[in-house]
Amino acid sequence: MGRIRVAIAGVGNCASALVQGVYYYREKGDPVGLAHPIVGGYGPGDIEFVAAFDINKRKVGRDLGEAIFEKPNNTIRFQDVPKTGVTVKKGPVLDGVGRYLKEVIEFSDEREVDVVEELKSSKADILVNYLPVGSENGSRFYAKSALEAGIAFVNAMPTFIASSAEWQTRFAEKGLPIAGDDVMSQLGATVLHKTLIKLLVDRGVKVDESYQLNIGGDTDFLNMLEQQRLASKRESKTSAVRAMSPYEMPLRIGPSDYVPFLENEKICYIWIKGRYFGGAPLTIDLKLSVIDSPNSAGVIIDALRGVKIALDRGVSGPLISVSAYCFKHPPVQMPYEEAKQRFLEFARGERER
Ligand SMILES: NC(=O)c1ccc[n+]([C@@H]2O[C@H](COP(=O)([O-])OP(=O)(O)OC[C@H]3O[C@@H](n4cnc5c(N)ncnc54)[C@H](O)[C@@H]3O)[C@@H](O)[C@H]2O)c1
């Protein structure tokens with residue numbers, strides 16, 4: 001099998017965990033922590049980073065292997081990364097940096113590069129978008145750049161691109177695959193919450209109300225203090241849970257506060273209230289604590305391998321199974337088990353998309 005040549009937009013905590021993870025699995029050769037050691041013949045170590053874009057002065061101009069450990073990134077360091085030979089280039093700022101991020105990010109004064117030309121000359125197969133929540137124009141800019149460079153696009157954040165009919169058509173017309181939106185962590189709040197709701201509904205419990213409150217101390221949570229930037233994130237997370245029930249229920253789901261000393265630890269509180277046989281009451285009150293960014297990287301390496309398989313097979317447009325399995329707001333929402341089965345069928349070549 002060949003390599004999977006990946007370009008990154010936004011060298012933040014998620015990019016850090018992804019880059020570290022690729023080197024970790026390449027070096028260790030031990031599949032512990034991976035849902036799928038091999039997908040369609042590709043291992044995590046087959047991912048190769050070929051281009052990266054950011055706007056932060058501390059990251060632009062640095063080798064990717066150094067930039068991932070620069071502040072304000074604060075995820076855990078679980079793997080040393082050598083120099084990658086990829087210099088982080090400056091992309092356009094657009095709406096990438098909101099009111100709160102401005103307080104912790106100093107803009108690079110380097111010249112903006114031509115992103116399409118950079119993508120072409122890097123011979124990237126896939127561009128993965130890790131821009132902050134609320135970067136609507138920024139995310140569309142990178143999606144359009146992928147289209148113009150003739151490469152695939154993976155949207156890890158909650159601007160609705162892979163799940164939008166207009167963008168699906170644009171990628172299909174160019175013969176390119178697209179997957180997204182908003183990566184669903186390996187064992188995070190969304191997959192846990194949706195699986196619990198599905199279980200209760202399957203077991204005949206009437207769910208009367210549920211909430212999911214999330215707190216963290218990284219720039220993702222700092223940025224999400226800005227309610228205007230948050231609408232798509234709330235919709236993405238809520239829609240994933242809502243889709244598990246055939247009836248409406250009061251739901252309140254989303255990022256809830258920024259607690260600086262938590263750094264990249266994310267804490268999630270899930271509450272569910274319902275009734276079962278004879279109207280007897282039931283409550284679930286659950287706390288989940290995870291390190292947020294490795295949680296997303298474990299799934300992005302599956303998405304990247306799924307998209308590379310599509311490229312190899314000449315499949316274009318929205319990847320239904322890859323997106324349903326790896327993302328919170330896919331083109332078609334599915335229960336976790338069904339999404340996983342379809343993803344594996346796609347990887348084995350038994351399903352077209
Ligand atoms: N488990 C998870 O961590 C998880 C799960 C789902 C979705 N996401 C989403 O993934 C995205 C990335 O998360 P993160 O934790 O890495 O965030 P982050 O804040 O650590 O990183 C964002 C990066 O984008 C850069 N950036 C801002 N504007 C830019 C621009 N115009 N061009 C290029 N780079 C720009 C920032 O400088 C920063 O390096 C967020 O939208 C987040 O909500 C993360």
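A nonpolar core is a set of buried Ala, Val, Leu, Ile, Met, Phe, Trp, Tyr and Cys residues joined through C-beta atoms within 7 Å; buried means that 20 or more other C-beta atoms lie within 10 Å of a residue's own, with C-beta atoms placed from the backbone. The model is predicted: local features need pLDDT of at least 70, side-chain atom pairs count only at pLDDT 80 or more, and totals for chains, interfaces and linings use all residues. Residues are numbered from 1 along each chain as its sequence is written.

**Cores**
- The largest nonpolar core holds 87 residues, of which Val6, Ile126, Leu127 and Leu304 touch the most other members.
- Apart from this core lies another of 11 residues, including Ala189 and Met244.

**Domains**
- An automatic or database assignment sets the domain bounds, giving domain 1 (4-184 + 294-347) and domain 2 (189-292).
- The C-alpha centres of domain 1 and domain 2 lie 25 Å apart.
- Their contact (C-beta atoms, placed from the backbone, within 7 Å) takes 28 residues from domain 1 and 28 residues from domain 2.
- Helix α9 (residues 292-313) supplies 3 residues, the largest share of the side of domain 1 that touches domain 2; helices are DSSP runs of H or I, at least four residues, numbered from the N terminus.

**Ligand shell**
- Among the 37 residues around the ligand (C-beta atom, placed from the backbone, within 6 Å), Gly10, Gly12, Cys14, Gly96 and Met157 come nearest.
- Helix α9 gives the most to this shell, with 4 residues.
- Domain 1 and domain 2 each contribute at least three residues to the shell around the ligand.

Notes:
A residue is buried if 20 or more other C-beta atoms lie within 10 Å of its own, exposed if 12 or fewer, and partly exposed in between; C-beta atoms are placed from the backbone. Two residues are in contact if their C-beta atoms, placed from the backbone, lie within 7 Å. Helices (H or I, at least four residues) and strands (E, at least two) are DSSP runs, numbered from the N terminus.
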